[in-house]
Amino acid sequence: MLEVNIPTINKQKIKDKITAKIISVSEKDKINHRYNNYWYSINKQIDYLQELIEVAKLRAKVRKNLPHNFDKFPLILMKPFMSKSLKILQFLFKDQREVNNNILQALEESVKINKVLLSEIQMMNSNFEEDLQMLSSISSNLNNKNKSLEKTINQLQEQQLRIK
């Protein structure tokens with residue numbers, strides 16, 4: 001006759017496994033949320049720097065006319081000299097504009113490099129997280145196998161003692 005072997009189901013062990021799984025998933029979600037906030041804030045700062053660079057570029061352009069403040073009463077008397085004064089201002093600040101443009105280009109390149117580096121760090125971080133999860137699952141499997149081997153060894157030792 002055919003024997004049916006139905007192992008006993010331990011409800012407490014199942015509950016413990018489920019709660020442990022829920023806790024580990026919730027902890028991973030918290031960690032992921034923290035990392036996402038971290039990367040989001042870094043990306044926001046980089047976007048802010050890019051906006052500042054764009055504003056600086058707009059301000060660094062060569063003036064084609066004098067500021068509106070020069071239309072006030074005492075300066076109106078100097079209207080015939082305005083075009084010459086504009087040319088003098090352009091000449092005087094030519095070197096400064098060149099320096100500013102070079103600094104802006106360096107900042108732009110720096111921001112581009114930082115974006116690339118951050119994307120690489122994010123990719124490495126995600127790979128690290130995946131590897132860590134895989135290693136933890138391997139570790140838990142090895143622990144389970146170790147426990148089962150210890151149990152088997154203990155059973156064999158008990159059988160050997162019974163035989164003697």
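1. Arg162 is exposed, because its relative accessible area is 65%, where exposed means over 50%, buried means under 20% and partly exposed lies in between, all with a 1.4 Å probe and protein chains only. Its partner is Glu158, and the closest N and O atoms of this salt bridge are 3.7 Å apart; the term requires a side-chain nitrogen of Lys or Arg within 4 Å of a carboxyl oxygen of Asp or Glu. Both residues belong to helix H4, where they sit four residues apart, or about one turn of the helix. Glu158 counts as partly exposed, because its relative accessibility is 43%.

2. A word on the basis of these notes: the model is predicted, so local features need pLDDT of at least 70 and side-chain atom pairs count only at pLDDT 80 or more, whereas totals for chains, interfaces and linings use all residues. Residues are numbered from 1 along each chain as its sequence is written, and side-chain values use heavy atoms, with hydrogens and water left out.

3. The chain has four helices and zero strands, and from the N terminus on its elements run α-α-α-α. Helices (H or I, at least four residues) and strands (E, at least two) are DSSP runs, numbered from the N terminus. Of the contacts in the chain with a separation of 6 or more, 73% are between residues 24 or more positions apart, a contact being heavy atoms within 4.5 Å.

4. How many of the chain's 164 residues, as a percentage, count as buried? The figure is 9%. The accessible surface of the chain comes to about 15200 Å², and 61% of it belongs to carbon and sulfur atoms; such areas come from the Shrake-Rupley method with a 1.4 Å probe, and for residues only the protein chains shown count as cover.

5. The largest nonpolar core consists of eight residues, namely Trp39, Ile42, Ile46, Ile53, Ala60, Leu104, Val111 and Leu118. Two or more residues of this core come from each of helix H1 (11-59) and helix H4 (94-163), and H1 gives the most, with four residues. The term nonpolar core stands for a set of buried Ala, Val, Leu, Ile, Met, Phe, Trp, Tyr and Cys residues joined through side-chain atoms within 4.5 Å. Apart from residues up to four places away in sequence, Val111 touches Ile46, Leu49, Gln50 and Ile53.

6. The whole structure contains three salt bridges. One of them joins the side chains of Glu108 and Lys57, at 2.3 Å from N to O, and this pair links distant parts of the chain, with Glu108 in helix H4 and Lys57 in helix H1, 51 residues apart. Lys57 counts as partly exposed, because its relative accessibility is 32%.

7. Lys112 forms a salt bridge with Glu109, and their closest N and O atoms are 3.8 Å apart. Because they are three residues apart in helix H4, Lys112 and Glu109 are separated by about one helical turn. With a relative accessibility of 43%, Glu109 counts as partly exposed.

8. Arg97 is buried yet has no salt bridge, and the nearest side chain of opposite charge, Asp95, is 8.3 Å away; here Lys and Arg count as positive and Asp and Glu as negative, while His and the chain ends are not counted. Beyond its neighbours within four places in sequence, Arg97 is in contact with Ala60, Lys61, Val62 and Gln90. Gln96 also lies in helix H4, and its C-alpha atom is separated by 9.3 Å from that of Ala60, 36 residues apart along the chain.

9. Phe93 lies in the loop between helix H3 (82-92) and H4, and counts as partly exposed because its relative accessibility is 45%.
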